[in-house]
Amino acid sequence: MIVTPALADANNGNWQTARRWARMLAGAYRVALVDRWAGSGAELMIALHARRSAGSIAAWRAARPDGPLLVVLTGTDLYRDIDADPDARRSLDAADALVALNALGPARLAPVHRAKCRIVLQSCSARRPLAKSPRQLRALMVGHLRAEKDPDTYLEAARRLAGRPDILLDHVGGALDPAIGARAAALAASLPTYRWLGARPHAEVRRRVQAAHVLVHASRMEGGAHVVIEAVRSGTPVIGSRIDGNAGLLGEDYGGWFPVGDAGALAAMLVRARDDPAWLAALRTQCDARAPDFSPDAEAASLRAIVAGLLAGAPTGR
């Protein structure tokens with residue numbers, strides 16, 4: 001049983017992870033996807049989101065004291081909720097195993113929880129980069145418009161680059177925060193180099209990632225953003241905020257980090273990406289070196305090993 005607080009209509013990272021994991025496990029197990037556990041039979045629960053799935057986690061543990069339970073930690077879990085939310089902390093205690101989606105994630109946990117935490121790096125298929133114009137740099141930011149994704153830093157960078165018609169900024173994501181959506185719409189109406197495209201189908205987003213010169217990922221908190229992985233597996237370099245959820249994917253020494261919320265630094269990096277082809281190529285080389293870490297085979301092997309161990313009754317940290 002995979003419990004995810006977001007199903008297909010949300011079209012977000014939790015749903016994409018749940019759907020992909022269901023496919024990876026389907027060859028060996030019967031898998032059900034639900035947004036909450038209603039007491040139906042299952043041998044093992046995988047719960048995405050320690051806080052938002054806390055009700056299902058608590059109900060499972062009460063009904064199945066020895067039933068194996070794997071809790072997957074999202075960015076808001078790791079970098080906000082476990083510090084202040086009692087339900088999220090109880091989910092950590094209830095789990096037999098925890099999963100972090102970036103290599104730095106376990107460091108956020110107390111030792112008792114870190115001991116039962118495993119790392120599973122998400123994956124996607126590899127794609128060839130699409131041809132790109134040498135005359136203009138096209139940047140792309142992908143993520144629903146909400147504070148955690150920090151779209152305002154991208155908007156401000158676009159304003160600072162208003163005098164550079166050779167730098168185009170596209171923005172994909174639905175307006176989960178209407179106020180941010182209004183700001184994006186107003187900027188798109190007044191600035192020809194910025195386009196807010198709204199929520200788009202996943203297949204289209206992947207094509208846009210392939211076609212971009214750079215993916216911008218400005219988030220304030222992330223568990224391990226799938227769109228960063230899609231960029232790397234498409235040969236598109238990343239310019240991102242220096243947070244653990246990003247550095248835990250591409251490495252703390254990656255050359256494309258800017259300070260969180262620093263629109264000036266982001267704008268300067270986009271200018272450098274346009275004006276310094278060697279620097280952009282160096283980012284591409286660093287991303288290419290990481291690409292094998294995000295192969296579907298690697299993710300499936302990590303996930304299946306954890307599930308098999310839990311079903312076999314491997315020792316837990318509870």
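This is a predicted model: local features need pLDDT of at least 70, side-chain atom pairs count only at pLDDT 80 or more; totals for chains, interfaces and linings use all residues.

Reader: How do you know whether the radius of gyration agrees with a compact globule?

Author: The radius is taken over C-alpha atoms, and the globule rule is 2.2 Å times the number of residues to the power 0.38. For 318 residues the rule gives a value near 20 Å; the chain has 20 Å, so the two agree. The C-alpha trace spans about 60 × 40 × 35 Å along its principal axes.

Reader: Why is Pro237 called buried?

Author: Buried means under 20% relative accessible area, exposed means over 50%, and partly exposed is in between (1.4 Å probe, protein chains only). Pro237 has 4% relative accessibility, so Pro237 counts as buried. Across the chain, buried residues make up 53% of the 318 residues.

Reader: Where is Pro237, and what does Pro237 touch?

Author: Pro237 sits in the loop between helix H9 (226-232) and strand S11 (238-241). Contact means heavy atoms within 4.5 Å. Leaving aside neighbours within four places in sequence, the contacts of Pro237 include His213, Tyr254, Leu280 and Cys287. Leu280 is 43 residues away along the chain, yet the C-alpha atoms of Pro237 and Leu280 are separated by 7.4 Å.

Reader: Why does Thr193 count as buried?

Author: Thr193 has 9% relative accessibility, so Thr193 is buried. Thr193 lies in the loop between helix H7 (178-190) and strand S9 (194-198). Among its contacts, neighbours within four places in sequence left aside, are Arg164, Pro165 and Ile167.

Reader: What makes the link between Asp166 and Arg274 a polar contact?

Author: A polar contact is a pair of N or O atoms within 3.5 Å; within protein, one must be able to donate a hydrogen and the other to accept it, and residues adjacent in sequence count only if both atoms are side-chain atoms. The side chains of Asp166 and Arg274 make such a contact at 3.4 Å. Asp166 lies in the loop between helix H6 (151-160) and strand S8 (167-172). At 17% relative accessibility, Asp166 is buried.

Reader: Why is Leu33 called partly exposed?

Author: Leu33 has a relative accessible area of 30%, so Leu33 is partly exposed. Leu33 belongs to strand S2. Leaving aside neighbours within four places in sequence, Leu33 is in contact with residues including Ile2, Trp15 and Ala22.

Reader: And why is Val31 called partly exposed?

Author: Val31 has 32% relative accessibility, so Val31 counts as partly exposed. Val31 is in the loop between helix H1 (13-26) and strand S2 (33-34).

Technical notes
Residues are numbered from 1 along each chain as its sequence is written. Side-chain values use heavy atoms; hydrogens and water are left out. Helices (H or I, at least four residues) and strands (E, at least two) are DSSP runs, numbered from the N terminus.
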